[in-house]
Amino acid sequence: MTDTVTLPGRFEDLAPLVATWARPTENARSKIRWSAGPEDFSDFYEVMLPRLPEILDYLATVPLEGMDEADTNLFCLAAAFAEAAPHHELYGGSADVPFSFSARRFVPGHGDVPSWETGRN
Amino acid sequence: MNDLSGTTPRKGSEAFSHLGRSVEAIRAELGIEPVPVEAIRDPAVYELEREKIFRRTWLKVATDWEIPEKGDYKVKELQVADTSVLIVRGKDGVVRAFHNVCTHRGNKVVPNSDFETFGKARANVVSCRFHGWVFSTDGPLRSVPMEEAFGKLDKACLGLREIACETWEGFIFINLADPPEQSLADFLGDFGKLFAGYPYAEATSAFRYSTVLECNWKVALYAFSEGYHVPTIHAGSLPGFSGVEHSDFKLIGPHASSTIYGLGMEAASSTAVFASRLVANDHHGPRPDLLPPGINPTGRQDFQFELPNIFPNFLIHLAAGCGYPGIAFFTHQFWPLDHGRTLWEGINYFRPARNAAERVAQMHTNALHRNAWLEDTATMEDTYQGIRAGVIDEMQLMDQEFLIRHAARNFDAHLAG
C-alpha cells in the first residue's frame, strides 16, 4: 500500500500514516477517528508532532488550488492530525470528546466536500 | 464589571448609551427573581411563539456571501412557519425572498433535500418540476405549459409570493408579516449600529454544523447565552481556560449583548504550532482595531468575543481573531421544528486561507471549537427532560445569565402583545 502513496520528497517516510489517516473529507476522517483507540492516537501523535512545523512550513508554500497528488496527500495527513491531536492531548486517547453530545449526530454541511475546497459559504 | 470610569473609551463608543451600566443597574431593570420554566414546557406557548414571534419578526435566513452571483439561491425550510423559503439573487443583483410555493397547485418550486439547499438558477428562472411553470428570479410567472388549456389564467397575479427581505451587514433577514410592522433597521435599532462596520463579508470561509436536538428551542438558545458554564462544561476541551469573565451587558430593546473576556487557555503543543500560522499575521490574527467602537470600548487585552442575543433566535459571536485562533466570528441559530425539537446551526467564519498550511491550521481551530460545541449540546436534551419532569418550576439565574433573563422577558412581552 505504502508503495503507491506519493509524498513530497522529505516526507516520504510518513507514507504509512497517509494510508491509515489521510482522507480528503471531514466525514471520511471522522469515521477513521471514531474507530481509533488510544494507541492509534498516541502513535500518530508521536510521529507527527515533531514534524508538524516542517510540514506546515512546506504547506505554506502550497496554494490550495491545483495541488498535485503528493501535496494533496500531505495536506490530507496534516488535516487528519489537526483533527486527531486533541484526542491525544486533551481527551485521554478517547475517540469521543468526554461528556459530550454524540459527534455522529453533528452534521457538517461541508462533510463530503474535499477540505481543500472552501466551497459555498 | 461594566464600569467605564477611569478608562478612556475608544473613539466612537460614546454614541452608545447602553455601555458602562453596572450590574446593579441591570439587576434593577431585569430583577433577580427566578424565571418560570413554563414557557419552555407548555406546548401552547410554542403555538403562540409561532404566531406572535416567528411569523412577525425579522429572521436571519442567509448571508450575502452565500449567494454572491446573479441566479444564486438558497432554499431554507422554516417548519416553525409551515413554509419553505426561496432566497435568490435576481438578474438585477437584488436579493429577494419568496415562499417556495408554485402558484399552480402549491408544489415546491425548488425541491430541497435538507433543511437548507443551495443552487443556481439557469437563465435567471426557476421552474416547478411538477408541471413546468416557470418563474423569473424576481418573482413574476413567466410561462405556463399548455397555457391555453386553462381557459382563463391571469399570469400577472400568479408570480411567486414575495416575503419581505432586507439585509444588514451582509446578513439577509426575512419577515413573514405582510407588511412587517417595522423595517429591519428599526427592528435592529441600536444593536444594528453597535455591531456595524466589521468586515463580516471578508470572512467567507465557513465551517457549518447542524443537528436536531430533542428539546425546546429556548433550552438550546439559553445554553449558548451565558459564560457561567465555561469552567465546568468545557473543562475537557478548554483545560485551564482562566479568568473567564462574562460582562459588559448591554440591553438594546429586544436584543442584548455582552462580552467574554479571558486569558485564554494554555495551548496544547499541537495547538501552539497550528495557531502560529494564524495569530502572527494581520490576515487571520487578532484585529481588535476592526471591532466596532462600542465593542470592547476600553480596548481590554483579554477580549475574547462579543456575545449578543439577537431577537429571537440568532447569535453573532464577534471575535475579530481575538479568541479562538483565526476565527473572525461565529454564529448560532436555533430553529424550532416543533415544541420539543430544535434545529441548531453553528458556523465558524474565517478569512480565506492563502495557502495549505493556513487551511489545516483553520481546521485545527475548527475542530477544537466543534468539540466545545459537542460539550455544549450535551446538556440540552437532558435539561429539557428535566424541565418536563415537572419538579422545578423556575430557573435560578445569576448575573452571567442576564441574557437569558432578558430574552425570557422579551418573549413574554411579545406573547402578551
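A:Val107 stands opposite B:Ser210 in β12(B), and this strand, residues 205-213 of chain B, pairs with β1(A) in the antiparallel sense over 2 bridges. Strands here are DSSP runs of E with at least two residues, helices are runs of H or I with at least four, both numbered from the N terminus, and two strands pair if DSSP finds at least two bridges between them.

What we have is a predicted model, in which local features need pLDDT of at least 70 and side-chain atom pairs count only at pLDDT 80 or more, whereas totals for chains, interfaces and linings use all residues. Side-chain values use heavy atoms, without hydrogens and water, residues are numbered from 1 along each chain as its sequence is written, and chains are lettered from A and ligands numbered from 1 in the order of writing.

Turning to the interface as a whole, 44 residues of chain A are in contact with 50 residues of chain B, contact meaning heavy atoms within 4.5 Å. Together the two chains bury about 3,700 Å², 62% of it on carbon and sulfur atoms, where buried area is the accessible area (1.4 Å probe) lost on putting the two parts together, summed over both.

The rule finds 3 salt bridges across this interface, each defined as a side-chain nitrogen of Lys or Arg within 4 Å of a carboxyl oxygen of Asp or Glu. B:Arg277 forms a salt bridge with A:Asp57, with the closest N and O atoms 2.5 Å apart. On the side of chain A that touches chain B, the elements giving two or more residues are α2 (26-34), α3 (38-59), α4 (69-89) and β1 (107-108), and the largest share, 10 residues, comes from α4(A).
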